[in-house]
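Hello,

Here is the structure you asked for. My notes on its pockets and its core follow below.

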Amino acid sequence: MQTSELKLASVDSTMEAAKGLAASQDFLLVSAEAQTRGKGTRGRPWQSRPGNIYVTLGVNRRHLPPARLALLPLEMGLHLWEAAAALLPTDSRKCLTLKWPNDLLIKGGKAAGILMESYGEFLLIGIGINVAAAPEVTDGGTPSACLGQAGMPLDGKDALIDDLYRRVQAAPKDAEAYAAESILLRWQGKVDWDRAHIIRDRPGKPLVLPLAVNGQGHLQVRHADGSREWLVAEYLA
Ligand code: BTN
């Protein structure tokens, strides 16, 4: 198994640094203490001051058969939930939920987000985790929260990064836990199904309630008028 790891003090974006590192390895990791041009989903910026986690994990496509790829966004949400929960006091874990497909929430505030990009042989998985600071959100996104407020030790950042990297590599070896049915079941158990969300980038920003997830990782929602819709790539806030 060939891997490459790069831990930086500051970088424009760990996504861009990962592209520079990508060759024919099996897995790669680039992390940074701060980013000057952090990228969020849909071209939005990701505020990246010191104290939080900025990491990109690269998975060579030879480790991503179609069956795994379809549910990888949900699988990544599970890794994030489980790795973060392991560093929190037991009574804080119940505050930790997932918002489709893989935002990590604490008491409804966004503590982490994931950006996936394809690059050559690699799928790059960028993960931003608020540990010490919850940056102010001024663009209509979900208000933020940070794991430090929920009791995560501020010196636990490296342990969390390493645990995520280990989980991404180990998952295919645990055929039972990472069978599609198991991912769906465990992911569903981490969602707050009573919480309504807005479809952020759609005119009128409709309010929807999540109802179900299918084997492609799509989310069924109910609109205020009772109609139902399957979401594929929308962003919920
Ligand atoms: C989101 O908008 O929810 C996804 C945010 C992803 C941010 C991370 S931080 C590490 C990696 N490098 C980036 O520039 N973006 C991702």
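**Pockets and core**

Strand S6 (109-119) gives the largest share of the lining of the largest pocket, five residues. This is a predicted model, where local features need pLDDT of at least 70, side-chain atom pairs count only at pLDDT 80 or more, and totals for chains, interfaces and linings use all residues. Residues are numbered from 1 along each chain as its sequence is written, and side-chain values use heavy atoms, leaving out hydrogens and water.

Some terms first. Strands (E, at least two residues) and helices (H or I, at least four) are DSSP runs, numbered from the N terminus. A pocket is an open set of points on a 1 Å grid over the protein atoms alone, where a 1.4 Å probe fits, with protein on both sides within 12 Å along at least five of seven lines; lining residues have an atom within 4 Å of a point. Volume is the space filled by probe spheres set on the points, which are joined across faces, edges and corners.

The largest pocket holds about 1,000 Å³ of space. Among its 48 lining residues, Gly40, Thr41, Lys110, Ile114 and Tyr235 are the closest to its centre.

Now the largest nonpolar core: 54 residues. Such a core is a set of buried (under 20% relative accessible area, 1.4 Å probe, protein chains only) Ala, Val, Leu, Ile, Met, Phe, Trp, Tyr and Cys residues, joined through side-chain atoms within 4.5 Å. Helix H3 (residues 72-85) supplies its largest share, nine residues. The core lies between domain 1 (3-188) and domain 2 (197-231), because both give residues to it. Those bounds come from an automatic or database domain assignment.

Best wishes

Methods
Buried < 20%, exposed > 50% of the residue type's maximum accessible area, 1.4 Å probe, protein only.
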